[in-house]
Amino acid sequence: VESVDSSDNNVFTDYILTELVKVANDESTLVRTALATELARLSETAERFLSTAAWSSKSLKDSEQAVLQSVFQEMISRLLTDQVNDVRRALLDSRVSDLCAFLGRHKTHDVILSHIVTFLNDKCDFELRACFFDNIVPIAAFLGPIDSLVLRPLLQQGLWDADEFVIHRALSAFTTFTELNFLESSLMLDLAAEAMPLLGHPSPWIRQALVAFVVLLSSQLRLADSHCRLVPLVQPHLTREIHLLTPDLILE
C-alpha cells in the first residue's frame, strides 16, 4: 500500500488493532508467539499507514498516533508478562529496537525496560535470563545514558548467575557496551574487577569472552589507566607477569 485515502485513516485503530488485542490474549501459545514475533513489523506498518494517510489537521493525526501507541503498549505489556516464557523471549528477540523507536524513550523505559528487568528473577529459565543480556544493549542505546546505579546491579547479576550460558551472554553485553563507549570507564573497571575471577572458570567460552572484554576495555582506556588500573586487576589471576593485555598472552 503506497497511499491511504482519508476514508481509511482509521483502518488500523478501528479494525486491525481491535482484533490484534484479542490475539494477545489467545489461548494458544503458538498464536501469541506469532504475534510477539511480528509485533515490531506490525507497528512499523501501522506507523507507515499513519504517515501516508491524508489528514485534515495535525491534531487529528497526533490523536490517532496516541491511540496507536496506547494499543501497542497494551499488547507489549501483555506479551512481556505472558505466563509462557517463549512468548516473552519472542517479543524481545524480534527487532526490539524498532519497538523502542515506535514507543519513544519515555514509554520504552516504562513499558519495555521495567518489564524485562523481571526476566532476571526467573531462576528456572536460563534462556529468559540470557535474553535480557542479549537485548539490554539496544534498549539502553536507544534510551541514552542510564543512571549507572540502575544499570550496574542488573549487569552484575549476569556475573553471579548459576548458568554458564547466562554468564557468557553477560560478558558479551559488557564487550558491546565497551565497543559503543556507552558506560563510564570507572563503571567498566568496577565490572572488570568483579568479573576477573572468571579467568579461572573451567568453561573456555567464559574465559575467552572475559579476555575479549578486558582487551577491548584496555584499548579504550588511556595508557596510564590501562597499566595502573586494569593490569593490576588481571595480574593476580595469571601464572606469570605480563605488561601487555593481548588475548594470547592472557590465555597463555
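Predicted model: local features only at pLDDT ≥ 70, side-chain atom pairs only at ≥ 80, totals over all residues.
The secondary structure of the chain consists of 13 helices and zero strands. Read from the N terminus, the elements accordingly run α-α-α-α-α-α-α-α-α-α-α-α-α. The C-alpha trace spans about 75 × 40 × 30 Å along its principal axes. The chain has 252 residues, and 46% of them count as buried. Its accessible surface amounts to about 12,700 Å², with 53% of this belonging to carbon and sulfur atoms. As for contacts between residues at least 6 apart in sequence, 69% join residues at least 24 apart.

Six aromatic pairs are found when the whole structure is searched. In one of them, F72 and F102 have ring centres 5.0 Å apart and planes at 70°, so this pair is edge-to-face. F72 and F102 are both buried. The rings of F132 and F133 also form a pair, with centres 5.1 Å apart and planes at 90°, and this pair is therefore edge-to-face.

With a relative accessible area of 6%, below the 20% limit, R129 counts as buried. Which residues does R129 contact once its neighbours within four places in sequence are left aside? The partners are F119, L120, D122, K123, C124, D161, D163 and V166. Three of these names, D122, D161 and D163, are aspartates, and K123 is a lysine, residues that count as charged.

L143 also lies in helix 7. Its relative accessible area is 6%, and L143 is buried. When residues up to four places away in sequence are not counted, L143 touches R105, T108, H109 and L113. For a sense of separation, L143 and R95 stand 48 residues apart in sequence, while their C-alpha atoms are 15 Å apart in space.

D82 occupies the loop between helix 3 and helix 4 (85-92). Is D82 buried or exposed? The relative accessible area of D82 is 2%, and the residue is buried. Beyond its neighbours within four places in sequence, D82 is in contact with R32, V87 and R88. Two of these partners, R32 and R88, are arginines, which count as charged, whereas V87 is a valine and counts as nonpolar.

Over the whole structure, one cavity of 30 Å³ or more is found. About 60 Å³ of space lies in the largest cavity. Its lining is made up of V4, D8, N9, V11, F12, T13, A46, F49, L50, A53, E64 and L68. Helix 1 (11-23), helix 2 (29-52) and helix 3 each provide at least two of the lining residues of this cavity. Sorted by class, the cavity lining holds eight nonpolar, two polar and two charged residues.

The largest pocket contains about 170 Å³ of space. Around this pocket lie L199, R207, V211, H237, L238, T239, R240, I242, L249, I250, L251 and E252. Which helices each supply at least two residues of this lining? They are helix 11 (204-220) and helix 13 (247-251). Helix 13 gives the most to the pocket lining, with three residues. By class, seven residues of the pocket lining are nonpolar, two are polar and three are charged.

Key. Residues numbered from 1 in each chain as written. Heavy atoms only, no water. Phe/Tyr/Trp six-rings, centres within 6.5 Å; stacked < 30°, edge-to-face > 60°. Buried < 20%, exposed > 50% of the residue type's maximum accessible area, 1.4 Å probe, protein only. 1 Å grid on protein atoms, 1.4 Å probe; cavity = no way out; pocket = protein on both sides within 12 Å on 5 of 7 lines; lining within 4 Å. Points joined across faces, edges and corners; volume = space filled by probe spheres on them. Helix = DSSP H or I, 4+ residues; strand = E, 2+ residues; numbered from the N terminus. Contact = heavy atoms within 4.5 Å. Areas by Shrake-Rupley, 256 points an atom, 1.4 Å probe, with all protein chains shown as cover.
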